[in-house]
Amino acid sequence: MEEFIKQIEAEFDDLKPGILKPESHFREVFEWNSINALILIAMVKTEYDVTLTADDLIKSKTVNDIYSLIETRISK
Amino acid sequence: MALFSLSGTKVSGISAAVPRNLESNMDYRWITKKERESLIKNIGVETRRVAPKGVTTSDLCIAAAEPLLRELNWDRREIELLVFVSQSRDYLVPTTACIVQDRLGLPHSCLAFDIGMGCSGYLYGLSVAAGMLQARAIRKALLMVGDISTLTTSYRDKSTYPLFGDVGTVTALEYDPDAPAIHFNLQTDGSGYRALIIPDGGARNIMTRKSFDFKKIDQGIYRTNLHLEMNGIEVFNFTLREVVPNIKTLLNSTGISLQEIDHVVFHQANRLIIETMRKMLKLPPEKVPYSIREFGNTSGGSLPLTMVAKLYDQLRTEPQQLLLSAFGVGLSWGSAIIETDRIAVPDLLEV
């Protein structure tokens, strides 16, 4: 999880280290738009070889929600 | 599997023409300054060439053909095949290639037709032309690929308007029994046809007065049914899922390694997607040229435009083995490996 947060922080310049927590609602922490969605999808695909769909992002609220999705898909 | 090699086709030259008229995404006031900066940084489009109303793809292609034919010193009477690949034709009827045959002064013995494809169109057009050259009925061919995409995007749609630019390109091909084979891996998944679509104006949804009504789709996204709509996340995920395996299959089947390839030219869809695939393939940045910053997503013409704009010296002065990869509307995608040896590349033309 710590690693995942570091990876997100590395991708988003506006995000100051330490602000993002597992329980953070990602739509509130940084300006959420379609470009940021693509950046997150690209990072997750590169680092974990997991695909996040538009639906996944709509249903997820917190950083932890996304992380759990990645974990379930890796273990499959 | 549409995995095949065609021998006997030499790529003799490539040329491209863009409109002189330039639009900068820093001036795109429909979105905030911060959004503009994020768009330029991540999607990678800073400026785009926009054709004035009434200028067609075929106008740009014909402009690009003239210096190429001069440099090659080709006799037009010997050109017996003209393939025009575009989704922005001059008229609904007739075929644009017929008009171009006459305007370019090509002989009546010339076979001319259109192929209606977008992002992946260069590879499809190249495979059709190379197949006809391999059949040895034809000795010289022109492949024209381009689009005026800016005509069909809505200014008030931030998901499409700042992405696209216009271009017309020409590739000169000729029969040469000693030419190295061109290898292809072409694929299709029509179940994703809605991911990139202009809904109205064809036979499925005939144009009505309602086709012109603007609708709010989302925040910052207003368009009519005659505008291009794109499901960005779906197209993005399709590309990340399909393109790298497609390339690896082509490399495995030909026994060519990525180390032997001089440059990998990707369809210029967006910087983020190309960078992600570049990392997946472990390619160094210097092997992957970009034209998207200056020209945007130029649809089917993006491969030849990137070659003319970014590999100009290499193509003119050295032998090159190139891996070309294109993907998008259809959904349709593919890759090809071509070898060139000091070909004709006129300076990028502005019209």
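This is a predicted model: local features need pLDDT of at least 70, side-chain atom pairs count only at pLDDT 80 or more; totals for chains, interfaces and linings use all residues.
View 1. Where does Ile343(B) sit? Ile343(B) is found in the loop between β16 and β17 of chain B. Setting aside neighbours within four places in sequence, Ile343(B) is in contact with Val11(B), Ser12(B), Gly13(B), Ile14(B) and Leu315(B). Asp178(B) is 165 residues away from Ile343(B) along the chain, and the C-alpha atoms of the two are separated by 15 Å.

**View 2. Strand β15(B) and its two partners.** Eight of the 10 residues of strand β15 (residues 319-328) of chain B are buried, so this strand is largely enclosed by the rest of the structure. One partner is strand β14 (residues 263-266) of chain B, which pairs with β15(B) in the parallel sense over four bridges. Here Val264(B) has Leu323(B) in β15(B) as its bridge partner. Another partner is strand β16 (residues 332-341) of chain B, which runs antiparallel to β15(B) and is joined to it by 10 bridges. In this pairing, Gln320(B) has Thr340(B) in β16(B) as its bridge partner. Strands β15(B) and β16(B) form a hairpin with three residues between them. In the turn, Gly330(B) has a positive phi of about 145°.

**View 3. Two helices side by side, α5(B) and α6(B).** Two packed helices are described by the angle between their axes and the distance between the axes. The axes of α5(B) and α6(B) come within 11 Å and cross at roughly 30°. That makes α5(B) roughly parallel to α6(B). Is the crossing left-handed or right-handed? The crossing of α5(B) and α6(B) is right-handed. Phe236(B), Thr239(B), Leu240(B), Val243(B) and Val244(B) of α5(B) meet Ile273(B), Thr276(B), Met277(B) and Met280(B) of α6(B). The residues of this contact divide into seven nonpolar, two polar and no charged.

**View 4. Where chain B touches chain A.** The contact takes 17 residues from chain B and 13 residues from chain A. On the side of chain B that touches chain A, α1 (33-43), α5 (232-254) and α6 (271-280) of chain B each supply at least two residues. Helix α5(B) gives the most to this side, with seven residues. The residues of this side of chain B divide into seven nonpolar, six polar and four charged.

**View 5. Helix α8(B), mostly covered.** Seven of the nine residues of helix α8 (residues 302-310) of chain B are buried. Look for Ser302(B), Leu303(B), Pro304(B), Leu305(B), Thr306(B), Met307(B) and Val308(B), which are buried in α8(B).

Notes: Residues are numbered from 1 along each chain as its sequence is written. Chains are lettered from A and ligands numbered from 1 in the order in which they are written. A residue is buried if 20 or more other C-beta atoms lie within 10 Å of its own, exposed if 12 or fewer, and partly exposed in between; C-beta atoms are placed from the backbone. Two strands pair if DSSP finds at least two bridges between them. Two residues are in contact if their C-beta atoms, placed from the backbone, lie within 7 Å. Ala, Val, Leu, Ile, Met, Phe, Trp, Tyr, Cys and Pro count as nonpolar, Asp, Glu, Lys and Arg as charged, and the others, Gly among them, as polar. Axes are lines fitted to C-alpha atoms, for helices over the stretch in contact, and angles run from 0 to 180 degrees between N-to-C directions. Angles under 35 degrees count as roughly parallel, over 145 as roughly antiparallel, 65 to 115 as roughly perpendicular and the rest as oblique. A crossing is left-handed if the near helix is turned anticlockwise from the far one by less than a right angle, and right-handed if clockwise.
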